[in-house]
Amino acid sequence: MVSLASTVQVTGTLPVHWKYVSEGGATIVFSYRGPPNPDFDGTVLRLRKSILSTVPKITRASELGSQNTETPGEVEEPDDPMIKFQTTCMERLIPPEHLPHLESVHVNRGWLESLIAVHDDERPVDRRLRDQVDLNRTKGVLATDLVGGEWLAVEIKPKWAFLPSPTHLSEITRPTKTQTCRFCMHSQMKAKMGDSVSLGYCPLELFSGDKDRVTKAIHSLWNSWMDSNGTVNNLKIFIRGKVIQPSDTSLMFVESTNQAMDPRDAFTSALLPMLMNTPVLRILSKLQRSLDCLDIEGLSNLWRAAEKSAPLYRTTFASFFEKAGGTSGEEPPTSPIGVSSSFLASPEPTISDWSDFLDTYLSQTSSQIDHTNPSPKNLRYYLLAYLLSATFKDCSIIIRLDPLQSAVAQSTQVVPERVTVIDLDPKSMDRLRKWEKLDREIVQAYLGTDENKVCVDGWVE
Ligand SMILES: [Zn+2]
């Protein structure tokens, strides 16, 4: 495999020059705080983690073959799959100026051990007991530090941008799913369960491109952020790399400002022009809706139709098919969606599968596919399309604003590079059956309430 690893020497920096920022299930992030260095100023280092116990590590399919601890002798460890997925796939869908810069860098065991020695105490205790920086890795990812500069960084998780087409919905779900968006239904359900949610925020308003509706979306996000004391996950605000709480809104203003302006109004007037002028929201909306053209209901139906048409399936269940053309009401069982069976295989997509998929998706051929009558022959296309759509339903955007001023006229320049899409990880095939179940639960829960929210999808080609 061709390595993209740069000549930048992270191991030439001192571990004390890196500050622990955060960590997720699979990776841990440090930001550079050492002496000025053009290679590292404004960057974060993302490293893979490994489980501490003797329990064998479970390989996540979405890691796309990133396991390399058994890399024999001379073979170089491949770059982190996150880089490959971005350079091979995401850059074909999102203009590179709206993606963080990612670079593969070499690390070594001695340097990683020192890093752990210096920073392990700063990690949450429960994490420390479970895992640590993977000492067997020889590469990490150096990325743009989007939240750490002298600006106000706003992270928005916009979620689902569209109402599904009615074509593949059942009689029962159609009236609801074409009127209330998936996010609003899901928020209702979660709120009933006592979760902290952005109730009142509707993504279709944020994605509308209409000034009044986008303003309303920003206000809703702000209000939920305030009401939940900053715990909702659709809005986060960072000042110099630190997430701030609603009690700290004064930090959002330039220091000399006497805050005559309401923080929400100042925030909205700085953010609104950025959201109105960036192409990012429109791109995400188009990707989500064109990649999820069957809805999970249509995809499930297609999965079953494909399995039933497989020759081995028909031989195995021959007796069912002989019975009066299947009118007995009895149907042979089919495998759950996304799960491999002896009749239908659904292996996890590799980078080259994603690449092939994009060749089709971005070609003229894709517009000739009849999505009203999807063919079982195209099942693989629809499965990958749905997974990719899920990536865009789950990503976040970071908008970098100048610190707020109390004056009505905001000076924030609309620079394309100031809006960046992050968290674009590939999704795994084994999520499909969970999403199928969740979709049923969300609609059923909503049907059981008196709610009847009308979400307007103002998409125009
Ligand atoms: Zn909605």
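**Contacts, strand pairing and salt bridges in the predicted model**

Setting aside neighbours within four places in sequence, Thr176 touches Met185, Tyr446 and Leu447, contact here meaning heavy atoms within 4.5 Å. The model is a predicted one, in which local features need pLDDT of at least 70 and side-chain atom pairs count only at pLDDT 80 or more, while totals for chains, interfaces and linings use all residues. Residues are numbered from 1 along each chain as its sequence is written, and side-chain values use heavy atoms, with hydrogens and water left out.

Thr176 itself sits in helix α4, residues 174-177. Helices (H or I, at least four residues) and strands (E, at least two) are DSSP runs numbered from the N terminus. With a relative accessible area of 11%, Thr176 is buried; the cut-offs are under 20% relative accessible area for buried, over 50% for exposed, and partly exposed in between (1.4 Å probe, protein chains only). Asn452 is 276 residues away from Thr176 in sequence, yet the C-alpha to C-alpha distance is 8.1 Å.

On to the strands. Strand β4 (residues 102-106) is mostly covered, with 4 of its 5 residues buried. It runs antiparallel to strand β6 (residues 139-144), and 5 bridges join the two; strands count as paired if DSSP finds at least two bridges between them. Leu102, for one, has Ala143 of β6 as its bridge partner.

Next come the charged pairs. Side chains of opposite charge can pair when their charged atoms come close. A salt bridge is taken as a side-chain nitrogen of Lys or Arg within 4 Å of a carboxyl oxygen of Asp or Glu, and a search of the whole structure turns up 25 of them. One of these joins the side chains of Asp80 and Arg48, at 2.7 Å from N to O. This pair ties together distant parts of the chain, 32 residues apart: Asp80 is in the loop between β3 (43-51) and α1 (81-93), and Arg48 is in strand β3. Asp80 is buried, at 11% relative accessible area, and Arg48 is buried at 11% too.

Another salt bridge brings the side chains of Arg289 and Asp457 together at 3.1 Å, N to O. Here the link spans 168 residues, from Arg289 in helix α9 (residues 280-291) to Asp457 in the segment after α16 (432-447). Arg289 counts as buried at 17% relative accessibility, whereas Asp457 is partly exposed at 25%.

Arg380 and Asp353 also form a salt bridge, their closest N and O atoms lying 3.3 Å apart. Arg380 is partly exposed, with a relative accessible area of 29%, and Asp353 is partly exposed at 25%. Elsewhere, salt bridges link Glu23, Lys49, Asp120, Arg123 and Asp131 into a network.

Finally, there is Arg400, found in strand β10 (residues 396-401). Arg400 is buried, with a relative accessible area of 14%. Beyond its neighbours within four places in sequence, Arg400 contacts Leu146, Trp151, Leu152, Ala153, Met274, Glu417, Arg418 and Thr420. Arg418, 18 residues from Arg400 in sequence, is 5.2 Å from it in space, C-alpha to C-alpha. As for Glu417, its backbone oxygen lies 2.8 Å from a polar atom of the Arg400 side chain.

Definitions and conventions. Polar contact = N/O pair within 3.5 Å; in protein donor to acceptor, adjacent residues only side chain to side chain.
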